[in-house]
Amino acid sequence: MPEPLLEVRDLAGGYGDVQVLWGIDLVVEEREIACVVGSNGAGKTTLLRTISGMLRPTAGMIRFAGRDLAGAAPDAVLGAGIAHVPEGRRLFRGLSVRDNLLLGAYTRSDGRAAVERDLAFVYDVFPILKERRNQDATTLSGGEQQMCAIGRGIMAQPKLLMIDEMSLGLAPRAVEVLGEALAGINRRGLTILLVEQDVITAFDLARHGFVVDMGRITISGNTATLSTSDAMRGAYLGSVAKSEVG
Ligand SMILES: Nc1ncnc2c1ncn2[C@@H]1O[C@H](COP(=O)(O)OP(=O)(O)O)[C@@H](O)[C@H]1O
Ligand SMILES: [Mg+2]
């Protein structure tokens with residue numbers, strides 16, 4: 001077995017005296033799509049913030065591409081190859097789509113030509129962003145803003161792209177388009193970690209799933225297997241199962 005791209009062991013953390021994460025174990029293998037699912041307030045965003053260096057873990061290990069990243073600063077984590085697409089997209093008002101995308105490349109030092117090549121790649125994946133490239137990014141639709149936020153993450157040329165609540169607040173068709181784009185990007189070699197309240201969307205895209213509840217991983221495994229497991233159905237797919245029966 002090759003070493004996983006990301007390995008999180010026994011991770012603890014939170015905000016000051018408020019501990020949110022308790023003994024988190026999580027593994028993301030190279031070139032896969034994995035997901036963390038859980039209800040509102042379960043600790044998903046806190047987990048991503050801790051991995052990306054915005055929060056300092058109080059215990060545990062974060063190993064990424066052969067490097068130890070627990071406690072590393074956000075720029076160092078980004079430099080190591082982890083890009084974090086935040087919950088709520090966080091695009092900059094007053095800046096064009098193109099300039100928002102270019103902000104994602106600010107830590108790179110591989111030259112203008114490489115950055116332009118990746119910009120062309122993002123436009124290829126999301127053609128609407130090319131059409132709207134000179135428009136203020138915050139005037140885009142929700143789905144387009146999510147494309148721009150994901151594109152900005154790609155512009156950092158990461159090995160791992162972590163996306164917090166990609167589907168939240170978007171129409172089903174927009175989620176579908178984004179999902180197809182992610183599958184395409186993943187086929188071209190990018191590893192993706194999705195964090196979602198929407199279990200069905202996440203399990204549809206991801207090969208491995210981790211369920212977080214009150215800051216702990218309670219269930220994990222292959223998403224195809226988990227989708228049909230009683231524990232999952234009871235806890236998270238229950239309403240769907242009921243509506244199928246009813
Ligand atoms: N800045 C903060 N300071 C203190 N507690 C916070 C902060 N942000 C989130 N929390 C708490 O951490 C817990 C997990 O939140 P969060 O990671 O945002 O969950 P999720 O992303 O799964 O909805 C919640 O109880 C939330 O109230
Ligand atoms: Mg969240």
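What percentage of the 246 residues in the chain is buried? In this predicted model, buried residues make up 50% of the chain, where buried means under 20% relative accessible area.

The chain as a whole comes first. Its secondary structure comes to 11 helices and 10 strands. The radius of gyration is 18 Å, close to the 18 Å that the globule rule gives for 246 residues, so the chain is as compact as a globular protein of that length. The C-alpha trace spans about 50 × 45 × 40 Å along its principal axes. Of the contacts with a separation of 6 or more, 68% are accounted for by residues 24 or more positions apart.

One helix can now be followed in detail. Helix α7 takes in residues 172-187, 16 residues in total. From its first C-alpha to its last it reaches 23 Å, close to the 22 Å expected at 1.5 Å a residue. Its buried residues are V175, L178, G179, A181, L182, I185 and N186. Seen down the axis of α7, these residues fall within an arc of 165°, so they line one face of the helix. The face turned away from this buried side carries the exposed residues R173, E180 and R187.

What lies over the buried residues of α7? The cover includes the strands β3 (33-37), β7 (160-164) and β8 (191-196). It also includes the helices α4 (112-125), α6 (142-154) and α8 (199-205). After α7 comes G189, whose phi is positive, near 115°.

Technical notes:
Residues are numbered from 1 along each chain as its sequence is written. Chains are lettered from A and ligands numbered from 1 in the order in which they are written. This is a predicted model: local features need pLDDT of at least 70, side-chain atom pairs count only at pLDDT 80 or more; totals for chains, interfaces and linings use all residues. Side-chain values use heavy atoms; hydrogens and water are left out. Helices (H or I, at least four residues) and strands (E, at least two) are DSSP runs, numbered from the N terminus. The expected span of a helix is 1.5 Å times one less than its number of residues. Buried means under 20% relative accessible area, exposed over 50%, partly exposed in between (1.4 Å probe, protein chains only). The arc is that of the directions from the helix axis to the C-beta atoms. Contact means heavy atoms within 4.5 Å. The radius of gyration is taken over C-alpha atoms; the globule rule is 2.2 Å times the number of residues to the power 0.38.
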